[in-house]
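Colleague: I have not looked at this one before. Can you walk me through it?

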Amino acid sequence: MKLVVAFTAALFALSASSYAQAQQKKEIVWGAPNVLSSYYWDVLGAIDLGYMADEGLSIKVVNNDNPVQNLQYLATGAIEITSITVELALSAMEKGADFRFIASENDRLSFVFMARPEIKEYADLRGKTLGVTQLQESTASLIRLLLEKHGVKRNEYEFIALGGTPNRFAALVRGAVTGTMLSPPFDFKAEAEGMKRFGTAFEAFEGAGVVFAVQDSWAKANAEYVVKFLRAAAKAQRFFYDPKNKDKAVEVLVKYTHLPVADIGKNYDAVYGPNKIMSLDLELTDKLLQPWLDLRGSSEKPARYIDLAYWKRALGR
């Protein structure tokens with residue numbers, strides 16, 4: 001009887017301890033435009049694989065419709081760490097926003113230009129309306145660069161701002177626009193609907209795709225947790241880069257996106273394969289940011305926008 005009581009007491013103590021540990025986890029609010037995208041495979045994986053929990057973190061995920069809303073949330077503290085494409089965030093920082101880039105998720109841009117079935121070549125886009133996220137944002141800049149590379153000038157087509165990838169996908173398949181850039185895995189979904197694949201953003205521009213950004217003041221006050229977040233995300237990224245873990249990577253993204261396994265499998269090959277879209281160790285180098293500054297005609301140096309202190313601590317550099 002004493003043994004049973006002792007065992008029961010020990011079990012209760014263990015449960016209480018586990019509960020207390022769970023209660024002590026630090027909540028980090030992470031947000032991104034269209035979180036159901038392979039851009040964020042590392043964060044979604046770090047949550048699903050338990051790496052964030054291992055670091056003592058509980059991640060609250062906030063989905064935003066577009067990058068502008070996402071940056072507004074970051075500025076007001078509604079989210080604490082964000083994944084964001086570079087150009088719009090740079091614009092906000094140049095206007096005085098207290099943001100810093102702290103790591104890279106995607107070392108290359110994985111946007112894919114998709115067009116309606118009747119479009120046979122780039123020249124057919126003349127006189128057409130193309131969908132973008134915002135008129136002054138990455139998708140617009142990248143479409144312009146890609147079309148210029150193929151001889152179609154900016155004054156030969158129109159842009160319409162539609163918001164995030166799900167909106168642009170819907171507009172494309174319904175015929176409201178003739179072409180747009182889509183984030184994977186929506187390019188495969190569009191292909192299944194009869195849309196035509198034309199080119200990738202990195203054919204026309206090489207630079208960081210999606211980066212982690214924070215409010216500088218918040219990050220300095222919460223440095224320990226920023227480091228833990230990056231360490232967990234980097235661990236998931238390295239895990240998924242190993243081809244033997246492809247099935248698990250696919251399982252994780254299917255769980256979050258509810259898209260077909262076959263599409264997510266192709267998506268994995270596109271971003272973790274030879275194109276090396278995803279950042280293996282999350283390092284945001286000057287080389288990755290400089291092309292964006294050059295595109296904007298900026299004389300500033302990348303060091304103004306990047307703080308690698310958290311990343312260095314996370315990876316022991």
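Modeller: One term before the sheets: two strands count as paired if DSSP finds at least two bridges between them. Also, this is a predicted model.

Colleague: OK. What is the order of the strands in the open sheet with S7 in it?

Modeller: The order is S7-S6-S8-S5-S9, 5 strands in an open sheet with mixed pairing.

Colleague: Which strands are at the edges there?

Modeller: Strand S7 (158–161) and strand S9 (196–200) are the edge strands, and each pairs on one side only. From one strand to the next, the twist averages 30°.

Colleague: In which sense do S6 and S8 pair, parallel or antiparallel?

Modeller: Parallel: strand S6 (residues 129–132) and strand S8 (residues 179–182) share 2 bridges. Gly131 has Thr180 in S8 as its bridge partner.

Colleague: Which strands does helix H6 touch?

Modeller: Helix H6 (residues 138–149) packs on the sheet and touches strand S5 (112–115), S6, S7, S8 and S9. The direction of H6 makes about 135° with that of S6. H7 also packs on this sheet, with contacts to S5, S6 and S8, and its direction makes about 150° with that of S8.

Colleague: Now the sheet with S10. What is the strand order?

Modeller: S2-S1-S3-S10-S4, again 5 strands in an open sheet, and the pairing is mixed. Strand S2 (57–64) and S4 stand at the edges with a single partner strand each, so one side of each has no neighbour in the sheet. Neighbouring strands are turned by 30° against each other on average, direction ignored.

Colleague: How many bridges does S10 have with S3, and how many with S4?

Modeller: S3 and S10 pair over 5 bridges in the antiparallel sense. Strand S4 (residues 99–104) and S10 are also antiparallel, over 5 bridges.

Colleague: Why is S10 described as largely enclosed?

Modeller: Because 6 of the 6 residues of strand S10 (residues 210–215) are buried, the rest of the structure largely encloses it. Val210, Phe212 and Val214 point one way, Val211, Ala213 and Gln215 the other way, and all are buried.

Colleague: Which strands does helix H4 lie across?

Modeller: Helix H4 (residues 67–76) lies across S1, S2, S3, S4 and S10, and runs at about 150° to S3. Helix H5 (residues 86–94) packs on the sheet too, touching S3, S4 and S10, with its direction at about 150° to that of S4.

Colleague: Changing topic: how many cavities of 30 Å³ or more are there?

Modeller: A search of the whole structure finds 2.

Colleague: What lines the largest cavity?

Modeller: It has 17 lining residues, and Pro33, Tyr39, Tyr40, Pro67 and Ser183 lie nearest its centre. Strand S3 (81–85) and helix H7 (165–174) each supply at least two residues of that lining. The lining divides into 7 nonpolar, 7 polar and 3 charged residues.

Colleague: And which residues line the second largest cavity?

Modeller: Among them are Tyr39, Thr85, Asn106, Arg108 and Val210. That lining divides into 4 nonpolar, 4 polar and 1 charged.

Notes. Residues numbered from 1 in each chain as written. Predicted model: local features only at pLDDT ≥ 70, side-chain atom pairs only at ≥ 80, totals over all residues. Heavy atoms only, no water. 1 Å grid on protein atoms, 1.4 Å probe; cavity = no way out; pocket = protein on both sides within 12 Å on 5 of 7 lines; lining within 4 Å. Points joined across faces, edges and corners; volume = space filled by probe spheres on them. Helix = DSSP H or I, 4+ residues; strand = E, 2+ residues; numbered from the N terminus. Nonpolar A, V, L, I, M, F, W, Y, C, P; charged D, E, K, R; others polar. Axes fitted to C-alpha atoms, helices over the stretch in contact; angles between N-to-C directions. Contact = heavy atoms within 4.5 Å. Buried < 20%, exposed > 50% of the residue type's maximum accessible area, 1.4 Å probe, protein only.
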